[in-house]
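Notes follow, in the order I checked things.

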Amino acid sequence: MVTEHRAVAALRVFLVVLFGVLVVFQTLSLPGQFAYMAQESPEDAYLRWPATIVAVFWVLCVQVVIVATWKLLSLVKSDRIFTEASLKWVDAIVWAIAAAWVVLVAVFLWVGFNADDPGLPLLLFLLTVGVSVLGLLMVVMRALLRQATTLRTDMEAVI
């Protein structure tokens, strides 16, 4: 379908732009921001490197999702999405989300027990719930993909 091919092409353009922006954030913006924060607030300077590492890790998780999505789009374009090859890329997405979620929960707990203002813990709770929903949605989508792949394989065996 023409619309599908245009959507895939547009999505690829946005994935490239997003990946490029994330590389800039990962290498320049985030480390610079945390260095500036340490300079402006010396009592919190000890958080500079842990915060940088965590933020860069989260960006890396998003980059894994972008690469896996790109590979899945390639499989869609070649009409091979309902094959075992697609499952490994969906697994990469699920594992990247799971890894980001584990670190997010750790940050949420640490901030929650050390915060004197409820704003940041509430924001982190909202992010934790959102990432949880996204991860569980991907697990369900993976199960649907597996069922569709099995069904297609069974139909091809009959034909």
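Before any angles, I noted how axes work here: they are lines fitted to C-alpha atoms, for helices over the stretch in contact, and angles run from 0 to 180 degrees between N-to-C directions. Helices themselves are DSSP runs (H or I, at least four residues), numbered from the N terminus. This is a predicted model, so local features need pLDDT of at least 70 and side-chain atom pairs count only at pLDDT 80 or more, while totals for chains, interfaces and linings use all residues. Residues are numbered from 1 along each chain as its sequence is written, and side-chain values use heavy atoms, with hydrogens and water left out.

**H2 against H3.** I looked up helix H2 (residues 48-77) and found its axis 9 Å from that of H3, at an angle of about 165°. H2 and H3 are therefore roughly antiparallel to each other (the cut-off is over 145 degrees). Their contact (heavy atoms within 4.5 Å) involves 21 nonpolar residues, two polar and one charged.

**H2 itself.** I checked the length: the 30 residues of H2 should span 44 Å at 1.5 Å a residue, and the end C-alpha atoms sit 43 Å apart, which agrees. The expected span is 1.5 Å times one less than the number of residues.

**Ala-55.** Is Ala-55 buried or exposed? I get buried, at a relative accessible area of 11% (buried means under 20%, with a 1.4 Å probe and protein chains only). Ala-55 lies in helix H2. Leaving out residues up to four places away in sequence, Ala-55 touches Leu-30 and Phe-34. I also noted Phe-25, 30 residues away along the chain, with its C-alpha 9.4 Å from that of Ala-55.

**H4 and its cover.** Helix H4 (residues 119-158) has 40 residues and reaches 59 Å between its end C-alpha atoms, close to the 58 Å expected. I listed its buried residues, among them Leu-124, Met-138, Arg-142 and Leu-145. What covers these buried residues? The cover includes helix H3 (84-114). The axes of H3 and H4 come within 9 Å and cross at roughly 165°. H3 and H4 are therefore roughly antiparallel to each other. I counted up the contact of H3 with H4 as 21 nonpolar, six polar and four charged residues.

Notes: Helix = DSSP H or I, 4+ residues; strand = E, 2+ residues; numbered from the N terminus. Buried < 20%, exposed > 50% of the residue type's maximum accessible area, 1.4 Å probe, protein only. Parallel < 35°, antiparallel > 145°, perpendicular 65-115°, else oblique. Nonpolar A, V, L, I, M, F, W, Y, C, P; charged D, E, K, R; others polar.
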